[in-house]
Structure formats: C-alpha cells, structure tokens
Amino acid sequence: NYLSNSTYDGLWLDIEGGSSYWSTNVNNNQAFFEDMVNQANKMNQNLGIYTSDSQWGPIMGSWTGGSDLPLWYANYDGIPDFGDFSPFGGWSSPSMKQFSDAGSKCGTSYDINWYPPS
C-alpha cells in the first residue's frame, strides 16, 4: 500500500481526459469516483478534485457527487483570480485555479496555479 507509507498533505483526484481515460458511461464513472473517495476516506486521506466544467460534464454528467470536496479548476485565461468561475458539478466556489500553462524555467515547462491568501 503506497499511500500508508507516504507523507503529504492531501490527494487531488484528476478528473479529465474524457474517453481517453474514462468510460463513456457516466454511471460507471460516478461509481468508480465514489469507490476512490470511499477508499481514500477509509485511509483518512484529505481529498480534493482537479477538473474543469468542460471535463467534468462529459465524464460525470450533471452529477454533483464530488461537490463536498475542495475544487481545483483549470481555466487558462492568464488571470490569477476566481472572477471567471461559473458553478458546475455542484461546486459554488473553488479552492484553487490553474490559470496558465506557460511556466518555464531551466528548460522545463509547467502549469501555474493560484489560490487566495489565507
């Protein structure tokens, strides 16, 4: 069991990729999602969801089953704030935003994220 011997603050479930990674049956996807959440809860893991409106809908339909978990959403508008956020999947507000894929240092590219100061 890899998780029980690891040190970290939380785990983000990456809900994206459509039929490349997920079933085309939203009911199967919802059941798989619930299984992952239930297992993580049994292991006392802090969970969040990384997704976007354009990814959540095709994978999970209009289901709101993950909306009790923190949302980290993606919208590459280049603006580090939540002003662009529109509710989806039962979430009325996000916790974090991935706003750019233009990060680059030492020849390595990366995504850039933002969350409000505590």
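Guide: Buried means under 20% relative accessible area, exposed means over 50%, and partly exposed is in between. The model is a predicted one.

Visitor: What percentage of the residues in the protein chain is buried?

Guide: The protein chain has 118 residues. A residue counts as buried under 20% relative accessible area. The buried share of the chain is 31%.

Visitor: In what order do the elements of the protein chain run from the N terminus on?
Guide: The protein chain holds 2 helices and 5 strands. Read from the N terminus, the order of these elements is β-α-β-α-β-β-β.

Visitor: Are the helices α1 and α2 roughly parallel or roughly perpendicular to each other?
Guide: Helix α1 covers residues 26–42 and helix α2 covers residues 53–60, and their axes come within 7 Å. The axes cross at roughly 105°. Angles of 65 to 115 degrees count as roughly perpendicular. Therefore α1 and α2 are, relative to each other, roughly perpendicular.

Visitor: Which residues of α1 and α2 make the contact?
Guide: The residues of this contact divide into 6 nonpolar, 2 polar and no charged. From α2 come Trp 56, Pro 58, Ile 59 and Met 60. From α1 come Val 26, Asn 29, Gln 30 and Phe 33.

Visitor: Which residues touch the most other members of the largest nonpolar core?
Guide: The core has 18 residues. Two or more of its residues come from each of α1, β2 (47–51), α2 and β3 (71–74). The residues that touch the most other members are Leu 13, Ile 15, Phe 33, Ile 49, Trp 56, Met 60 and Trp 91.

Visitor: With which residues is Phe 33 in contact, leaving aside its neighbours within four places in sequence?
Guide: Contact requires heavy atoms within 4.5 Å. Leaving aside neighbours within four places in sequence, Phe 33 meets that condition with Trp 63, Gly 65, Gly 66 and Leu 69, among others.

Visitor: Is Asn 44 buried or exposed?
Guide: Asn 44 is found in the loop between α1 and β2. Its phi is near 55°, a positive value in a residue other than glycine. Because its relative accessibility is 70%, Asn 44 counts as exposed.

Visitor: What is the relative accessible area of Cys 106?
Guide: Cys 106 is in the loop between β4 (96–105) and β5 (108–114). Phi of Cys 106 is also positive, near 50°, in a residue other than glycine. Cys 106 is exposed, and its relative accessible area is 85%.

Visitor: What separates the C-alpha atoms of Asp 81 and Asn 113?
Guide: Asp 81 lies in the loop between β3 and β4 and counts as partly exposed at 31% relative accessibility. Leaving aside neighbours within four places in sequence, Asp 81 is in contact with Tyr 73, Lys 97 and Trp 114. Asp 81 and Asn 113 are 32 residues apart along the chain, and their C-alpha atoms are separated by 9.8 Å.

Visitor: What separates the C-alpha atoms of Ala 31 and Gly 89?
Guide: Ala 31 lies in helix α1, and at 36% relative accessibility Ala 31 counts as partly exposed. Ala 31 and Gly 89 are 58 residues apart along the chain, and the separation of their C-alpha atoms is 15 Å.

Technical notes: Residues are numbered from 1 along each chain as its sequence is written. This is a predicted model: local features need pLDDT of at least 70, side-chain atom pairs count only at pLDDT 80 or more; totals for chains, interfaces and linings use all residues. Side-chain values use heavy atoms; hydrogens and water are left out. Axes are lines fitted to C-alpha atoms, for helices over the stretch in contact, and angles run from 0 to 180 degrees between N-to-C directions. Helices (H or I, at least four residues) and strands (E, at least two) are DSSP runs, numbered from the N terminus. Angles under 35 degrees count as roughly parallel, over 145 as roughly antiparallel, 65 to 115 as roughly perpendicular and the rest as oblique. Ala, Val, Leu, Ile, Met, Phe, Trp, Tyr, Cys and Pro count as nonpolar, Asp, Glu, Lys and Arg as charged, and the others, Gly among them, as polar. A nonpolar core is a set of buried Ala, Val, Leu, Ile, Met, Phe, Trp, Tyr and Cys residues joined through side-chain atoms within 4.5 Å. Buried means under 20% relative accessible area, exposed over 50%, partly exposed in between (1.4 Å probe, protein chains only).
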